[in-house]
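This report describes a predicted model. It takes up the fold of one chain, then selected packing in the other, and finally the contact between the two.

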Amino acid sequence: MTRSLRVDAYDETVEAAVAMGRREQVGFILRIQEKKELLFNLNNGETEEIATTSLRGMGIQVCTPEGYTGFASSDRIDPSTVTELFQQALKLAKRVEAMKGEANKALFSAPPNNRRVVVPLKYPYGSCSLAEIEERLVKLNKSLTLDPRLSVRTVHRLVDEEWRVVRHDGTDTAFMTPRSFIYNTFTARENGKTATTYCNLPGTDLSILLEPAETAKLYKRSVRAARMALDLLHAGTVKSGSYKLVIDYALAKVLAHEAFGHAAETDEMESSILGENGRLRRGMEVASPIVSIIDGPVEGDYAYQPVSANGIDRQTVYIVRDGILEAGLADLFSAEAAGVPVTGAGRAESYQHLPLARMSNIRIQVKDPWPIEEEFEEITPEKLYEIMLRTGLMKEGEEVYYLSGFKGGQVNSAEGNFVFNCAGIYLLGPEPRLYQPAIFSGKVLSALRAVRAGLGPLKIDAMGTCGKMAQGVPSSGGSHYFLVLDKNPGIMLGGEGR
Amino acid sequence: MSVFGEQLQERLNTLLGKRLASGLTLTGWRFDLHETEDLEVGVKNNKIGGPYTAPGLKQESSGEICLHWEDEKYTIARIERRVLEDFQAHLELWEKTAYKDPYGPELVKPYEPPAVPLAHEGATAILNGEFTPAFTYLAEGLEIMTGYGINKVDGRVKISRDRRLVANSEGLWVAYEQTPVQIYLGGDDLFGDVFAEKRLPDQEEFTGLAAYAGRTVRELKKRATLPREGEMAVILTPSVFEAFLEHYLLSNLSGRLVANRQSAFAAQDFQEAKKVFREDLTISVDGTRPYRYSSYRCTGEGVPTGRADLVREGRLVTPVLTLKYAKKLGMEPTAIPVAGGYGLVIDLPQRESFDGFLGELEEGLIVYSVLGLHTQDYSAGKFSLVADQSLLVRKGQIQGKVETVIAGDFWQVLASEDTVFLDYPREETPAVCFRAHVAQ
């Protein structure tokens, strides 16, 4: 017996849409979304805000037999509204036809899907009293004020979201995309100088707050970030230049996501560095032969989405296998033009948005990584230096910088430029020296070709929000604990002048 | 909107002064409701209205509600249309999420806010079903841009009608309509520009937008080589300067961050009117200008719009303050900037002409886009960014596009007497020129 979902309640609306599709002899995709959200915001031991959000609505994308598309959405979900939206969307599609706009008939080639995904959650939305959540968060926040120079902000977000995607061809799929995180921000101030660092713990439910192993992990990450903020008050700046680098898995996630994943999304293939005449350059050597890049949904992950917003099962894709470009992240409407199969990559921020080809959990996997037994949170820069020496990945006295933590990134997929920022930079040595964060920038392919080794097991819980085309969807990923990148003139550490 | 608002008001008023099962007693309420309709259509790779840019009509009723309970307790919730259908269930949730806040604000007393005109007839007509102009903008933009040799034109038109109602249990009832319009045109994945106001553009404005985007893309397609690395003149075009102002200045002027010691500026800095920037620089927020994108009649809390100096003659005046942080810091609430740096007014007694300045420039960069600004530490003021779309200028002549990394200190930029502010064609915000480290 499958658990019921809130989106199951809209059968009459679905039937009305199907009837409209038959009557008008057109194709459609109906997306119904139900979302509940809790947000806690604490500052320096005090609750600043507790907010709830409730959202529901539907959007319908209508496609004429000639392939012209129109869209309409509303926050009402009922049969008469879906009929009205259908007519509006069809009218707009006909307007596109009159303008000789873009036609795309891919909707009529998609296989029907009736998959239903109910994610088992140990501590779902509503399983713990709000008073207890608040009490635990206040305790956590207070415990992190390690120094009077520190200000600590804690944000906790819990999202209970369900989708139902229905098409004219009998597709009727429903799935959950639950997610949660705790995010701590540390601002250190002293004599007019400030430094800000962050850390987080993502998940799908309240386990991140209620499971002792999870809270211990968050505490370790937080203490590290807090100490780094204090240390950065007195840190110098790195001279700009090309260096041998070690990046942690969070930064590797950004490398995979920003520098590479976007370029593999097929809806931008006309201008991607991985495309040629709009088609994915499969077989192209894009990375070191030890590198594979994989994207796909992982149950229990912050960015989990098992079915696309077009109603197609999301596949796990080897974008790069052993350094060779193998596949794209292809949604229904751009796969054919890019010369690749559909992989169910379409995602939308809400029922009001048209889906785009997007990543889910993207990770860099390296052949024969050097093992590390300890947890990632236990590896200090000193220990990393020892590991680097022991594995022969660096020599004593060699100038190697370790980029720790990430603060986001940005890429121009058309030109292959990327920029990331880290929380802090260590010059590795027996007594690692901390420097101010500086951008890590360069050319996508140079960075991937520079990957020399991986250290530790895969760790893929680095979270973020991807903002492609102004639509925010959760993203995640990672790599081995650390990746070692050889010095390469195509990648540069920013900072001030030489 | 008035029906939704009136029904919600009625439900809330029946609860005023009553002790609920949870033990809470409602002492007041406020809400900020929006009933919005949008028409959005785009052009992607020269084609209008494909599966990613299909014309779409969107309707939504949503907003924020804040409940004031006895004993300094408050509830904040985002609400949508069905709140009235499941009112009891929502109320129970709101009771559960009530939290104590000694700095919780009072409700605003009733008043008549400035009658700023914000709804444009042309935009309203489009949302009433006369869709043609929205498509025409894209078709004309496509034609103008391709005239500049642009191979791939992307664009978007979004026209909205927002019927807004801000009300509270003290009797405040501010209802008005606004029509935000955004038009974006870009080319060859190199550069794009935006028109954003609460009205449609006139023909000259629209043609100017498309021509500027087209000309700039054409310039950026010519390649040049950076002659040397090191310190040189860097000009941030207005949109880039606005992005810097938003990331660094507005973040640090946030009342929340100031009150919680997470800003580069301390509360005391404002009390002392600390001089932080050059003496001729005044930066304000002004929500009273007719049909401007950043204009509005009152904030969601009911604070009237107005003009407020945030920095006056180089000295800190006030953070951006909601009622809560005004109370916490013992200051007056302010108007709130809308649309980030674009919503700020930059006042300087003197600005040089951009074209004149460029003609005299020995060597420098004009920066049209940077990558990674959001990754920079807003509190430190330092920047180190890839300027992926920049034009090299030598001896007053544009040489072509260079890709560089620029590094500097934005606080220094605003403080230095050597910084030059430039009147930029078609823009209210100036371009800004300063010296920064530039690397390949």
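## Overall form of chain B

Chain B of this predicted model contains eleven helices and 20 strands. Its radius of gyration is 24 Å, close to the 22 Å that the globule rule gives for 440 residues, so chain B is as compact as a globular protein of that length. Along the principal axes, the C-alpha atoms of chain B fill a box of roughly 75 × 55 × 35 Å.

Buried residues make up 52% of the 440 in chain B. Among the contacts of chain B with a separation of 6 or more, 72% are between residues 24 or more positions apart.

## An open sheet in chain A

In chain A, four strands form an open antiparallel sheet in the order β19-β20-β23-β26. The edges are taken by β19 (409-412) and β26 (491-493) of chain A; each has a single partner strand, so one side of each is left without a neighbour in the sheet. On average, neighbouring strands of this sheet are turned by 10° against each other, direction ignored.

Four bridges join β19(A) to β20(A) (residues 417-420) in the antiparallel sense, and V411(A) has F418(A) in β20(A) as its bridge partner. Helix α6 (residues 249-261) of chain A packs on the sheet, where it touches β19 and β20 of chain A, and its direction makes about 150° with that of β20(A).

## A helix pair in chain A

Two packed helices are described by the angle between their axes and the distance between the axes. For α1 (residues 11-24) and α2 (residues 79-98) of chain A, the angle is about 35° and the axes are 8 Å apart. The crossing of α1(A) and α2(A) is right-handed.

On the side of α1(A), the contact is made by E12(A), T13(A), A16(A), A17(A), M20(A) and E24(A), which meet P79(A), V82(A), T83(A), F86(A) and L90(A) of α2(A). The residues of this contact comprise seven nonpolar, two polar and two charged.

## Contact between the chains

Across the interface, 53 residues of chain B are in contact with 66 residues of chain A. Elements of chain B that give two or more residues to this side include β2 (47-48), α2 (87-96) and β17 (382-394). The most is given by β3(B), with seven residues. By class, the side of chain B that touches chain A has 21 nonpolar, 18 polar and 14 charged residues.

Strand pairing also links the chains: β2(A) (residues 46-63) and β4(B) pair in the parallel sense over three bridges. Opposite A51(A) stands I76(B) in β4(B).

Note on methods. Residues numbered from 1 in each chain as written. Chains lettered and ligands numbered in written order. Predicted model: local features only at pLDDT ≥ 70, side-chain atom pairs only at ≥ 80, totals over all residues. Rg over C-alpha atoms; globule rule 2.2 N^0.38 Å. Buried ≥ 20, exposed ≤ 12 C-beta atoms within 10 Å, placed from the backbone. Contact = placed C-beta atoms within 7 Å. Pairing = 2+ DSSP bridges. Axes fitted to C-alpha atoms, helices over the stretch in contact; angles between N-to-C directions. Left-handed = near helix turned anticlockwise from the far one by under 90°. Nonpolar A, V, L, I, M, F, W, Y, C, P; charged D, E, K, R; others polar.
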